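The sequence and the structure follow.

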Amino acid sequence: MLVGMIRSSSRRTFSLVLLTFAGVTATACAGKTSSSPPDGGASEAGSDGTVTTGCPSAVPWTRQTANGAKNPCSKAGQICEYGTDFDPRCNTIVVCSAGEWAVSLSPGGSTPPQCGSSAPPAIPTNAADCPASRSAVEDGESCSATSTCSYDGSSCTCGVFCRSYPVGQPPCNPDAGITTNCCDQTKPPTWHCFDGPAYCPTPRPHVGDPCAKEGDSCALAPPAECGQMVLSCRQGRWELPMAQCPISTARAKQDITYVGPAEAERLREELLRVRLATYRYKASDPSQHLGFIIEDMPDGSPAVLSSRERVDLYGYVSMTVAAIQEQQKQIDLLQTELARVKRDCGAPKEAPPSRPTQSH
């Protein structure tokens, strides 16, 4: 299947759900002071002329302190990035949560990070059958190339596109009754391009550095069908969006332990205790939503990120899967017992053995 990203009608724009750590504007840094951003954005200088970011000069990990002492912070939701790797997942990111610095969850991504480089990934050299530039490719136009063609911010493939996110399209099979919401792979090949911004300059801006133009963005990874890891300029600061494809391949994971019956039952019980509520956000969104309140969830719940500032939707859905599996086991047992009762009740009763008559 071809891989791309959800995009708008404009060929050079794309749609992203801009979510930031802790649900607020992400403010991060590479240390106590920062150089001017590469795009020439405005700096925030202190009285001594240095550019202040509010981040500690060293990584403020709580677990590094002695005798259980805490590393307090005052700006809830502030995020600081430490490191020089081009991929933020290779750096250390901390967040101010509940008045204390904590190690934040990795930004994620559709593929495992390749750490050790301060420069963006190299754009692959195209084969001879690729058009010279992205502007020479018309999305949806008939084609005969056999190669995937890569450009700065774009990837184009000649073939039949079958959506794989959020739900994959199975191949159409009229004999099996699969004729709708499927991918007709007998169609003639056409160009399918997935566009995003160009890679960030080097050195790239750190999350939280000042930026000049609202809506500007630069890529940290190639385009992907369900999003792209980018830096985006919002309210004068570079933010790190969280619109990433879930990583489910074993190649990207370690310490894999499958959930046993006892743990599955515990997850089912926790899910059944979730208190659903309707609510409206205090921000500009006036619509009513349905969900749960993080403060109502127990500590360590898989449905809540460790910072307890955001819902872990992947964990929440996985809890639901565990509950469904456990309930199905109970249904199977009840159906087996019901079949036994019906069988026993429906069988004709045996007449008691006749007693011989006695003559007098």
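A salt bridge is taken here as a side-chain nitrogen of Lys or Arg within 4 Å of a carboxyl oxygen of Asp or Glu. The model is predicted, so local features need pLDDT of at least 70 and side-chain atom pairs count only at pLDDT 80 or more, while totals for chains, interfaces and linings use all residues. Residues are numbered from 1 along each chain as its sequence is written, and side-chain values use heavy atoms, with hydrogens and water left out.

The structure holds ten salt bridges, including those in the table.

| Salt bridge | N to O distance |
|---|---|
| R234 and E239 | 3.4 Å |
| R268 and E265 | 2.8 Å |
| R266 and E270 | 3.2 Å |

Helices are DSSP runs of H or I with at least four residues, numbered from the N terminus. Both R268 and E265 belong to helix α1, which covers residues 261-272, and they stand three residues apart, about one turn of the helix. R266 and E270 also lie in helix α1, with a spacing of four residues, again about one turn of the helix. Salt bridges with shared partners link E263, R266 and E270 into one network.

Accessibility is described with three terms: buried (under 20% relative accessible area), exposed (over 50%) and partly exposed (in between), computed with a 1.4 Å probe on protein chains only. R266 is partly exposed at 35%, whereas its partner E270 is buried at 5%. In the pair of R234 and E239, R234 is partly exposed at 32% and E239 is buried at 5%. R268, with a relative accessibility of 12%, counts as buried.

Terms used. Helix = DSSP H or I, 4+ residues; strand = E, 2+ residues; numbered from the N terminus.
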